[in-house]
Amino acid sequence: MDLKHIRNFSIIAHIDHGKSTLADRMLEVTHTIPERLMRDQVLDSMELERERGITIKMQPVRMEYTSPQPSPERRGGTFPFQGKAEDEVFVLNLIDTPGHVDFSYEVSRSLKAVEGSILLVDSTQGVQAQTLTTLAMARLSKGGGDAEGLEAGKKIIPVISKIDSPLARVSEVKEEVVKLLNCDPSEILLVSGRTGEGVENLLQEVIKRVPAPTSSLVGVEGVLRALIFDFKYSNHRGVIVFVRIFDGQVKKGDNLIFAVSGEKFTALQVGTFSPEETMRESLGSGEIGYIVTGIKKPGIASVGDTVTKFINPLPALAGYMQPMPVVWASVFPEDADDFTLLRLALGKLKLSDSSFSYEEESSGSLGRGFRCGFLGMLHLEIITERLKREFNLNLVITTPSIIYEVEYNNPSLNSGQVGKREKIYSPYHFPDDSNIKTIFEPWVNAKIITPVKYLGNIMQILFDHEGEVGETENFGDLSAQAGNRAMLLVKMPLRELMRNFFDELKSTTSGYGSISYEIAEMREGNVTRLDVLVADEVVPAFSKVVSKKRVEIEAENSVLKLESLLPRQMFTLKIQGKAFGRIISSRTLSGMKKDVTAHMYGGDITRKMKLREKQKKGKKKMKERGQVNIPQDVFLKMMRSGEK
Ligand SMILES: Nc1nc2c(ncn2[C@@H]2O[C@H](COP(=O)(O)OP(=O)(O)O)[C@@H](O)[C@H]2O)c(=O)[nH]1
Ligand SMILES: [Mg+2]
């Protein structure tokens with residue numbers, strides 16, 4: 001494939017701004033997917049994506065487009081454009097990306113595989129917090145291959161979407177975009193993913209504005225340099241790596257090696273995405289496709305690694321930063337025999353989601369399990385849901401927590417060194433107050449974009465979440481009615497951001513407020529451990545770390561929530577919240593009054609009394625054995641935001 005006829009680009013935007021719908025129309029215009037197989041947001045192929053209507057994973061797809069216009073190269077130089085359009089076929093490799101902040105690692109990886117991005121802004125919403133974040137990522141993302149070290153980021157094509165909507169405010173949003181990018185208004189394109197308006201024009205602009213890939217090794221035989229930007233696992237074919245070829249070419253049967261991990265393998269198949277995997281003879285430089293490796297061991301292929309030839313290898317391309325987990329939760333098999341199964345399941349999940357991490361841990365009463373790191377609460381929800389669905393595992397999942405760092409009173413406890421801090425990932429490992437000298441917790445820098453009229457409400461929830469409001473900037477055109485928006489710069493404890501802040505922001509701004517954040521510094525925190533006891537025993541999975549100021553409310557919330565979720569047992573059950581060494585909240589769940597004498601009509605009273613005595617004894621026995629049955633969905637429900 002001639003490099004001049006390839007364009008690689010991604011679509012980036014805030015969530016719901018119409019990326020996947022725009023991709024649908026591109027797939028139609030280019031006849032990539034047969035009409036009978038077409039459906040809304042066809043690139044969202046995971047069951048969970050379709051159920052929730054969101055994109056979770058990036059999805060590459062190769063389209064062929066016949067341009068009625070000659071390419072800029074042909075127009076000038078030796079082929080002057082003389083009025084008659086000459087058809088040219090272009091290969092357009094598109095990567096659709098998720099917009100939710102928890103999945104921004106997908107966006108950053110996709111950016112390294114492409115030369116340009118469509119920055120989509122919803123004309124009914126305007127620029128939102130994730131618009132800023134994804135734009136910043138695109139600007140910072142350096143190229144791979146020959147473009148390595150290039151200071152300038154990706155070519156950005158600003159596009160305003162949903163122009164068909166009666167709520168569209170095209171001219172106001174245009175002004176916002178002009179300010180944001182410091183670009184000329186004429187550079188901004190308009191599309192509707194619903195009607196298809198502007199889509200063909202957009203494809204032609206992609207061809208004009210996004211640079212074709214380049215390689216200094218064109219024509220050199222027997223070399224390969226490909227960046228792994230994603231992968232998946234197949235039971236039959238092992239790991240399938242998704243690659244952007246920067247130099248050389250690859251075909252079936254080639255002997256290859258991962259430059260970083262050093263593992264050798266043979267390419268069992270190569271191909272492109274249509275969007276499902278479609279076998280091809282070979283993949284050449286500038287192309288995006290996949291290589292089937294046959295590798296079944298986990299932990300060998302990783303995103304950011306480079307695939308090169310075993311003989312005559314080329315140096316590795318710059319890879320990816322491993323993302324920092326934001327929340328942690330531990331998973332334990334309900335049945336200890338499932339431990340190996342759980343380990344296998346996590347290994348496989350990791351091969352379809354490189355942003356999630358796990359490490360073995362054991363906890364006295366919960367047994368052996370894994371401590372897992374996630375990029376946010378939605379990420380955690382999705383992964384635990386997948387574990388349940390795809391692997392049919394019954395799990396105990398602990399209350400999610402952020403990381404804390406503790407300096408103990410007793411210097412010998414501080415990781416063996418005076419003054420050293422110990423990281424605490426799990427609330428049930430959080431030390432008693434009397435042992436703590438100082439606690440440190442992460443803070444975030446957040447940007448909130450909101451219509452000005454909601455500022456008052458936002459200040460209220462910020463206050464409630466210990467937020468420190470910094471600068472406030474007007475955003476967009478003040479004279480415009482709906483464009484009257486502000487951007488707030490806020491600092492707040494990560495703990496408070498995770499305490500349902502996203503939902504509260506959405507509901508207090510009728511859905512118009514948006515937020516993005518990054519982890520900033522560690523600060524001293526004023527927090528303590530809250531335990532939940534069932535039948536006088538601490539259930540470690542329900543322990544959480546809370547602000548000392550909120551400990552009473554949190555205890556009450558946890559106890560009430562558990563009371564509403566726990567099924568009735570055969571006996572009465574105490575549910576208690578404990579902090580600062582004492583019980584601060586308590587409820588009693590009354591037992592099932594199963595009258596064992598009900599089937600005896602009349603009869604003799606002493607027999608009835610005997611039976612009741614027997615029943616009492618039975619209950620007592622069960623209680624003593626601590627056999628309170630906590631079903632798996634109670635753990636899942638307790639885990640989801642502690643508020644409801
Ligand atoms: N009116 C209108 N609605 C659109 C358009 N594009 C997308 N939508 C709707 O906006 C919502 C989000 O679309 P989606 O493509 O999933 O957004 P994504 O999160 O950016 O991928 C869906 O309900 C779409 O039906 C458009 O051009 N016009
Ligand atoms: Mg989408």
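This is a predicted model: local features need pLDDT of at least 70, side-chain atom pairs count only at pLDDT 80 or more; totals for chains, interfaces and linings use all residues.

Me: How many helices and strands does the protein have?

Reply: The protein has 15 helices and 30 strands. Next, look at burial. Of its 644 residues, 54% count as buried. The protein exposes about 28800 Å². Carbon and sulfur atoms supply 51% of that area.

Me: What share of the contacts joins residues 24 or more positions apart?

Reply: Take the contacts with a separation of 6 or more. Residues 24 or more positions apart account for 71% of them.

Me: Now the metal. Which residues coordinate the magnesium ion?

Reply: For a metal site, read the donor atoms, then the distances. The magnesium ion (ligand 2) is held by Ser 20 through OG and by Thr 55 through OG1, at 2.0 to 2.1 Å. This pair links distant parts of the chain. Ser 20 sits in helix α1 (residues 19-29), while Thr 55 is in the loop between α2 (47-52) and β2 (59-67). They are 35 residues apart.

Me: Are Ser 20 and Thr 55 buried or exposed?

Reply: Ser 20 and Thr 55 are buried.

Me: How do I read a buried charged residue? Start with Glu 287: where is it found?

Reply: Glu 287 is in the loop between β13 (282-284) and β14 (288-292). Glu 287 counts as buried because its relative accessible area is 5%, under the 20% cut-off. Leave aside neighbours within four places in sequence: its contacts then include Met 1, Arg 62, Asn 93 and Arg 244.

Me: And Lys 561: what does its side chain reach?

Reply: The side chain of Lys 561 reaches the backbone oxygen of Lys 637 at 2.8 Å. Lys 561 lies in helix α13 (residues 551-565). Its relative accessible area is 11%, so Lys 561 is buried.

Me: How many residues of helix α15 are buried?

Reply: For a helix, count the buried positions, then look for the cover. Helix α15 (residues 632-639) is mostly covered, with 6 of its 8 residues buried. Among them are Val 634, Phe 635 and Leu 636. The cover includes α9 (377-391), β19 (395-397) and α13. Helix α7 (residues 199-209) is also mostly covered: 8 of its 11 residues are buried.

Me: Which residues does Met 639 contact?

Reply: Met 639 is in helix α15. At 4% relative accessibility, Met 639 counts as buried. Beyond neighbours within four places in sequence, it is in contact with Met 377, Leu 380, Thr 384, Ile 397, Thr 398 and Pro 400. Met 639 and Ser 401 are 238 residues apart in sequence but 9.9 Å apart in space, C-alpha to C-alpha.

Me: Last, the backbone. Which residues other than glycine have a positive phi?

Reply: Most residues other than glycine have a negative phi, and most peptide bonds are trans. Gln 41 has a positive phi, near 45 degrees. Gln 41 lies in the loop between α1 and α2. Lys 162 has a positive phi as well, near 60 degrees. Lys 162 is in the loop between β5 (155-161) and α6 (170-181).

Me: Which residues does a cis peptide bond join?

Reply: A cis peptide bond joins Ser 274 and Pro 275, with omega about -10 degrees. Pro 275 is in the loop between β11 (269-273) and β12 (277-279).

Notes:
Residues are numbered from 1 along each chain as its sequence is written. Chains are lettered from A and ligands numbered from 1 in the order in which they are written. Side-chain values use heavy atoms; hydrogens and water are left out. Helices (H or I, at least four residues) and strands (E, at least two) are DSSP runs, numbered from the N terminus. Buried means under 20% relative accessible area, exposed over 50%, partly exposed in between (1.4 Å probe, protein chains only). Contact means heavy atoms within 4.5 Å. Donors are N, O and S atoms within 2.8 Å of the metal (3.2 Å for Na, K and Ca); water is not among the atoms, so sites may look incomplete. Accessible areas come from the Shrake-Rupley method with a 1.4 Å probe; for residues, only the protein chains shown count as cover. A polar contact is a pair of N or O atoms within 3.5 Å; within protein, one must be able to donate a hydrogen and the other to accept it, and residues adjacent in sequence count only if both atoms are side-chain atoms.
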